[in-house]
Amino acid sequence: MSSVDMSAGVLWHTLSKDVYTQSRGEKGCPPDVISEIRESLMESQPLLDLRSDEKKIKTKPKQGASWLMASFLLVNTALGVGILNFPAAYDQAGGILYATFIQGIMVTLMISTMLILAYCSDLNGDLTYHDVLLSMCGKKGQQLAAVSITLTLYCVCIATLIVIGDQLDSLFYTLFGSGFCDHWYLNRSFTISLTSICLILPACFCKRVDFLGWIGSIGIFVMLYPVFLTVYGYFKITPSNVIIKTRPTDLSEMFSVFPVLGLGYQCQEVVVPVYSCMRERNLWQFTKASVLAMAALMAVYFVTGCFGYLTFGAHVAHNVMKMYDAQDPFVMVGVAALIVKMVATYPILALCGRDAAAGIYAELRGLKPTEFAATEKGRRYVVAAVWFASSLLLAVFTQSIGVVIKYLGSVASANIFIYPGICLLQMVLKQDPDMNRRRSHYLVAYAILITGIGAFCVGVVLFEAILSRGGETRVDLCHLSLNTTLTT
């Protein structure tokens, strides 16, 4: 999701177990891997061992993902459109030092919540994020998570359309000059609408989007292109009036950037499915995968944020790609690649959001599996049309991706912190209801801490984002003075 750029198969695993089995069956994780996991559960193999027992006799070779592949899946899930906003987030955080410090805290908290979800999934042999919440938090917690995931997917869809508009603006600015938007057929509202209606809308009505599966394999490389571009631009571009902050101008801005930076590391929704698909499902192997994934992401974001911010300073756009001259062949490649990536990604995210919305509807209405299947086609067309039309309107009228990223980071904080915190609290209370062990007190305190951080990001930071929306700064290429353009 956002940053949440996931394959449809993996995202289906985050949906409600009831709806999931009704509409899709078990997909995403290979059937033989799921069978082996279930066999291990039936044989009462200890899933909580920190180290695998090498002396066990293996009747057949294990299948599934290695811890390195699991790490790659986590990185591919987290790495998305949020990377384009990191240079601007560095400015909002108060400079490189403060942004790096916040990321260090964020990465530590992220790893802990990922391990909490993995540990809780072991307690009941759960295979999906929602199954963990059902086991630990009950049906209401599961349904609330479905709503927050649906909202997260919806915000990412809006962000993908805004990125398409940003790249088209850069292209037209280069080809036709700063007055390109005076032509109605080059205006942002028209170009986003035309591109999305012609290239995205038809795929949104499909029952399956397997034909777009190829984008998952190259998506991570496309989203790494801004890393190369920020380094390349730092040594080639010489902009004037670069202002570099050494401390935040406002503490509220520094706090509000917390979920924005955290969005780049979000992969909690797929932690349990990825953990379930591991060849050696134990916490030690998953800890290695989590630490490697978070370290790789932090390195990528540090390079992007530092070089992008040092190049443009406080004037950097929320989509750093807008700051580069599309006449440069290297920039042109990035513009084209991002447009293709966003066009192919939207239907996948919309499909997962459509299924999640349908699942929520089915549970609220209490539909039986037969009723759910019988009304699938009509519901699919209605939900897809409403999803697409509303997201397109919001993308057209919200020109800065920074606004969407703030809302997205706030909403996603529930999945990152609140639900894992509640799961940890429930786990401790179930294992030690009388709180006799000192360890239980520490775990409860930590559960309250991360739940409070999540509540802060969802509530206070969301409120700050609403208040600051009117003052959101952006780089508008339309009628941008030639004196302020970036030269290479």
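**Ring pairs, salt bridges and a helix crossing**

The structure holds 18 aromatic pairs, where a pair means rings of Phe, Tyr or Trp (its six-membered ring) with centres within 6.5 Å, and planes under 30 degrees apart count as stacked, over 60 as edge-to-face and the rest as tilted. One of them joins Trp184 and Tyr185: the ring centres are 5.7 Å apart and the planes sit at 85 degrees, so this pair is edge-to-face. Before going on, a word on the model: it is a predicted one, so local features need pLDDT of at least 70 and side-chain atom pairs count only at pLDDT 80 or more, while totals for chains, interfaces and linings use all residues. Residues are numbered from 1 along each chain as its sequence is written, and side-chain values use heavy atoms, with hydrogens and water left out.

Back to that first pair. Trp184 counts as exposed at 60% relative accessibility, and Tyr185 as partly exposed at 42%; here buried means under 20% relative accessible area, exposed over 50%, and partly exposed in between (1.4 Å probe, protein chains only). Another edge-to-face pair is made by Phe312 and Tyr324, with ring centres 5.3 Å apart and planes at 75 degrees. Phe312 belongs to helix H14 (residues 283-312) and Tyr324 to the loop between H14 and helix H15 (329-365), so the pair links parts of the chain twelve residues apart. Phe312 and Tyr324 are both buried.

Rings also gather into a cluster, in which ring pairs link Tyr225, Phe228, Tyr232 and Phe330. Phe228 is found in helix H11 and is partly exposed, with a relative accessible area of 36%. Its C-alpha lies 9.0 Å from the C-alpha of Val303, although Phe228 and Val303 are 75 residues apart in sequence.

As for the chain as a whole, its secondary structure comes to 19 helices and zero strands; helices (H or I, at least four residues) and strands (E, at least two) are DSSP runs, numbered from the N terminus. Buried residues make up 56% of the 488 residues in the protein chain. Of the contacts (heavy atoms within 4.5 Å) with a separation of 6 or more, 86% come from residues 24 or more positions apart.

Turning to charge, side chains of opposite charge can pair when their charged atoms come close. A search of the whole structure turns up nine salt bridges, each being a side-chain nitrogen of Lys or Arg within 4 Å of a carboxyl oxygen of Asp or Glu. One of them joins Lys245 and Asp91 at 3.8 Å, N to O.

Asp355 and Arg354 form another salt bridge at 4.0 Å, N to O, and both residues are buried. The bridge between Arg437 and Asp432 comes in at 3.8 Å, N to O. There, Arg437 counts as partly exposed at 40% relative accessibility, whereas Asp432 is buried, with a relative accessible area of 5%.

Salt bridges that share partners also join Asp166, Asp169, Arg188 and Lys322 into one network. Arg188 is found in helix H8 (residues 188-199) and counts as buried at 8% relative accessibility.

Now for helix packing. The axes of H12 and helix H18 (residues 401-431) come within 8 Å and cross at roughly 75 degrees; axes are lines fitted to C-alpha atoms, for helices over the stretch in contact, and angles run from 0 to 180 degrees between N-to-C directions. H12 is therefore roughly perpendicular to H18 (angles under 35 degrees count as roughly parallel, over 145 as roughly antiparallel, 65 to 115 as roughly perpendicular and the rest as oblique). On the H12 side the contact is made by Phe258, Pro259, Val260, Gly262 and Leu263, and on the H18 side by residues including Ile405, Lys406, Leu408, Ile416 and Phe417. Residues of this contact divide into nine nonpolar, four polar and one charged, where Ala, Val, Leu, Ile, Met, Phe, Trp, Tyr, Cys and Pro count as nonpolar, Asp, Glu, Lys and Arg as charged, and the others, Gly among them, as polar.
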